[in-house]
Amino acid sequence: MGILLQSSNFIVESLGKFVETAGFTAFFAEGGYKYLIMIAVACFLLWLAIKKQFEPLLLLPIAFGMLLTNLPGAEMFHSDLFAGGKVHWLELYQKGGLIDYLYLGVKLGIYPCLIFVGVGSMTDFGPLIANPKSFLLGAAAQIGIFATFLGAYALGFTPNECGSIGIIGGADGPTSIFLTAKLAPELLGPIAIAAYSYMALVPVIQPPIMKALTTEKERRIKMSQLRQVSKTEKIIFPVVITIIISLLLPSAAPLVGCLMLGNLMKECGVVDRLSKTVQNELMNIVVIFLGISVGATATAESFLNFQTLFILALGIIAFSCGTAGGVLLAKLMNLFVPEGKKINPLIGSAGVSAVPMAARVSQTVGQQYDKSNFLLMHAMGPNVAGVVGSAVAAGILLAFLG
């Protein structure tokens with residue numbers, strides 16, 4: 001009888017412990033509804049990535065990382081281990097979960113730089129070299145970053161938070177993650193989701209702005225064919241750009257240097273195996289780790305607040321201002337250019353860093369008014385200039401705020 005009683009007590013205690021440790025019980029605790037909301041948001045983002053194909057290569061792992069971090073009891077990510085912008089190494093060793101260790105690649109700025117190596121190896125700077133004026137259009141598109149910085153500051157965000165919010169306007173996910181991880185890591189989840197969501201919505205956001213700021217005559221402007229760029233020029237370009245930007249702005253050296261390293265691998269022709277590796281295997285592995293660890297920062301505490309709504313709203317303003325800045329500068333440049341050399345202002349919108357989607361939008365809108373007008377290669381100049389421009393803008397913000 002005593003043995004049966006002991007066995008029953010053991011079973012009851014074990015069941016009690018099982019119920020206590022089960023994640024389901026957290027849903028019924030105070031604030032448990034927040035977990036359900038975040039799981040629903042993660043599932044919605046998964047649906048956008050799979051069904052609507054909104055930047056699926058990164059949005060899918062980001063959404064799944066968000067799902068993992070909001071499963072009560074899983075203990076895969078602990079935001080307190082990175083509180084105050086520092087890595088608490090002793091606590092990390094004692095209770096670190098899987099995503100805590102993966103997140104170190106974000107916190108230490110490793111993943112964004114490795115992605116830039118891959119981006120550089122897939123980028124052709126030929127259109128930019130053939131038409132150096134494209135640099136100005138790429139720079140003008142970064143106005144959204146600094147305009148939104150001022151707007152966020154007026155709304156009461158701290159300078160570091162303003163810099164992280166403003167960088168969304170560059171439409172460059174890795175740069176947004178790189179800068180936010182250093183300036184305002186507590187905002188990493190909302191900013192990463194905003195940056196990649198707006199990148200996916202380029203074909204929806206940009207055309208109305210482009211049409212509102214240009215006349216039909218301007219949209220019909222045909223540009224002369226770009227000159228052929230030599231192999232020597234393509235090899236020298238990444239080296240020279242790395243030296244100049246790194247000397248002027250050392251804080252931008254990690255991103256720009258990695259971007260240009262990847263491009264040099266592609267153009268030099270002597271390390272094809274390395275070039276293919278960074279374009280494929282390395283890029284894919286890093287994207288998985290980056291997405292999961294960034295998504296894991298979107299905890300209920302950091303995501304479910306009015307601040308997140310402000311970030312999403314300011315992000316779309318930043319992106320829109322960047323689009324408008326490129327278009328308006330192209331219109332301004334046309335005032336000083338003879339008739340046969342005028343720039344189609346539609347290519348100015350490609351100055352944001354969403355490569356090659358923004359350039360394709362310029363081409364698509366242009367062909368709505370003249371089927372024989374081919375703007376894609378002309379738009380690629382400002383587009384790749386925007387990649388460099390967003391990295392430089394991040395370097396400027398780090399130099400002032402970091």
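The legends below describe close-up views of a predicted model. Residues are numbered from 1 along each chain as its sequence is written, and side-chain values use heavy atoms, with hydrogens and water left out. Local features need pLDDT of at least 70 and side-chain atom pairs count only at pLDDT 80 or more, while totals for chains, interfaces and linings use all residues.

**View 1. Salt bridge between Lys95 and Asp80.** A search of the whole structure finds seven salt bridges, a salt bridge being a side-chain nitrogen of Lys or Arg within 4 Å of a carboxyl oxygen of Asp or Glu. In this one, the closest N and O atoms of Lys95 and Asp80 are 2.9 Å apart. The two residues are 15 apart in the chain: Lys95 belongs to helix 4 (residues 89-95), and Asp80 to the loop between helix 3 (56-69) and helix 4. Helices (H or I, at least four residues) are DSSP runs numbered from the N terminus. Lys95 is partly exposed at 40% relative accessibility, and Asp80 is partly exposed at 41%. Buried means under 20% relative accessible area, exposed over 50%, and partly exposed in between (1.4 Å probe, protein chains only).

**View 2. Salt bridge between Lys331 and Glu218.** The N to O distance in this pair is 2.9 Å. Lys331 in helix 20 (residues 306-334) is linked to Glu218 in helix 14 (residues 216-219), 113 residues apart. Lys331 counts as partly exposed because its relative accessibility is 23%; Glu218 counts as buried, at 17%.

**View 3. Salt bridge between Asp370 and Lys222.** Here the N to O distance is 3.7 Å. Both partners are in loops, 148 residues apart: Asp370 between helix 21 (357-367) and helix 22 (376-401), Lys222 between helix 14 and helix 15 (231-248). Asp370 is buried, with a relative accessible area of 18%, whereas Lys222 is partly exposed at 47%.

**View 4. Asp172, a buried residue with no salt bridge.** Asp172 is located in the loop between helix 10 (159-166) and helix 11 (173-183). The nearest side chain of opposite charge is that of Lys182, 15 Å away; Lys and Arg count as positive and Asp and Glu as negative, while His and the chain ends are not counted. Not counting residues up to four places away in sequence, Asp172 touches Phe116, Met199, Ser353, Val387 and Ser390. Contact means heavy atoms within 4.5 Å.

**View 5. Gln363 in helix 21.** Gln363 is buried, with a relative accessible area of 14%. Beyond its neighbours within four places in sequence, Gln363 is in contact with Asn373, Phe374, Leu375 and Leu376.

**View 6. Helix 22 along its length.** The 26 residues of helix 22 reach 37 Å from first C-alpha to last, close to the 38 Å expected at 1.5 Å a residue, where the expected span is 1.5 Å times one less than the number of residues. Of its 26 residues, 20 are buried, and helix 22 is mostly covered.

**View 7. The largest pocket and its lining.** The pocket holds about 790 Å³ of space. On a 1 Å grid over the protein atoms alone, a pocket is an open set of points where a 1.4 Å probe fits, with protein on both sides within 12 Å along at least five of seven lines; lining residues have an atom within 4 Å of a point. Grid points are joined across faces, edges and corners, and a volume is the space filled by probe spheres set on the points. The lining comprises 31 residues, with Glu55, Val119, Met199, Met283 and Val355 nearest the centre. Elements giving two or more residues to this lining include helix 3, helix 6 (110-121), helix 12 (188-200) and helix 18 (281-295). Helix 18 gives the most, with four residues.
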